Amino acid sequence: MSMILSASVVRVRDGLPLSASTDCERGTGMQECRKYFKMLSRKLAQLPDRCALKTGRYNINFISSMGVSYMMLCTENYPNVLAFSFLDELQKEFITTYNMMKTNTAVRPYCFIEFDNFIQRTKQRYNNPRSLSTKINLSDMQMEIKLRPPYQISMGELGSANGVTSAFSVDYKGAGKISSAHQRLEPATLSGIVAFILSLLCAALNLIRGFHAIESLLQSDGEDFNYIVAFFLGTAACLYQCYLLVYYTSWRNVKSFLTFGLICLCNMYLYELRNLWQLFFHVTVGAFVTLQIWLRQAQGKAPDYDV
């Protein structure tokens, strides 16, 4: 018998389950599918917004939008158009019911568990296709799937559920070993954006003063060449702080502290060319950016939620 077995609403960023329905079956195949559910939920950010995975007797389908993914498990013979129409209904209702800001700031798993009531009602409707009164919507969905079919995830790409992974899928238990080039930082805050802009401003001021110093040197006004070096080193340090604020690198916190130290040294050397307010501004901005770099850490490993 073709039917929908379970459905989940998951945050794309870290795989946090927001709501879920219960499974109808508890066999070995279902336990295996639950493992695939977990693996997929942890890789949502790297997958297209509409995907399907065939696991033998069961299929897993999901769509993602606005940082939230809607996943479902159904039998292998359940119609594709009904599956994605079901997910589309979940998506529309969830977006209508909940503020996306709440989903982005949620910290507890299943904090929207009341949405399970809607999942259950919709699942019952779709498990009895004769009761559906959405022929027009199904027709639209059928055309959409034909024009843009879901990406078919192969078992080889995903890796096995017992922990053996391929190049495409990294087992989340080893997520701490992912190369720094692929680490993602936490979402930027308003203070982080302000720090980025101020650091760019300091870099621009240092760059302008550096070119003026070069001009004075060429005109033989007795400008010290070391001042030019200090201005350009200050520019490079401010720009590197911007880089550290946006991207994750190994030893990121140590680099940010050393960069701030370089900014302080450059301003100490330029003491004769700047008044106290200018020195205070550059050093304070450097300290503020360093603090924001420390606060904006890499996204931690998601807990092993029982999705």
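Is S19 buried or exposed? S19 is buried, because its relative accessible area is 0% (buried, under 20% relative accessible area; exposed, over 50%; partly exposed, in between; 1.4 Å probe, protein chains only). The model is predicted: local features need pLDDT of at least 70 and side-chain atom pairs count only at pLDDT 80 or more, while totals for chains, interfaces and linings use all residues. Residues are numbered from 1 along each chain as its sequence is written, and side-chain values use heavy atoms, without hydrogens and water.

**View 1. The whole protein chain.** Ten helices and six strands make up the secondary structure listed for the protein chain (DSSP runs numbered from the N terminus: helices, H or I, at least four residues; strands, E, at least two). Of its 307 residues, 43% are buried. Among contacts between residues at least 6 apart in sequence, 69% join residues at least 24 apart (contact, heavy atoms within 4.5 Å).

**View 2. Surroundings of S19.** S19 is part of strand β2, residues 17–20. A polar atom of the S19 side chain lies 3.1 Å from the backbone oxygen of F112, and the S19 side chain also reaches the backbone nitrogen of D116 at 3.4 Å. Beyond its neighbours within four places in sequence, the contacts of S19 include S8, V9, Y110 and I119.

**View 3. Helix α8 against helix α9.** The axes of α8 (residues 225–246) and α9 (residues 252–269) are 9 Å apart, at an angle of about 155° (axes are lines fitted to C-alpha atoms, for helices over the stretch in contact; angles run from 0 to 180 degrees between N-to-C directions). The two helices are therefore roughly antiparallel (over 145 degrees; under 35 is roughly parallel, 65 to 115 roughly perpendicular, and the rest oblique). Residues in the contact include Y227, L233 and Y240 of α8 and K255, F260 and Y269 of α9. By class, 13 are nonpolar, five polar and two charged (nonpolar: Ala, Val, Leu, Ile, Met, Phe, Trp, Tyr, Cys and Pro; charged: Asp, Glu, Lys and Arg; polar: the others, Gly among them).

**View 4. Helix α8 against helix α10.** The axis of α8 comes within 9 Å of that of α10 (residues 276–295), and the axes cross at roughly 20°. This pair is therefore roughly parallel. Q241, L244 and L245 of α8 meet G286, V289, T290, Q292 and I293 of α10. Four residues of this contact are nonpolar, four are polar and none is charged.

Notes. A polar contact is a pair of N or O atoms within 3.5 Å; within protein, one must be able to donate a hydrogen and the other to accept it, and residues adjacent in sequence count only if both atoms are side-chain atoms.
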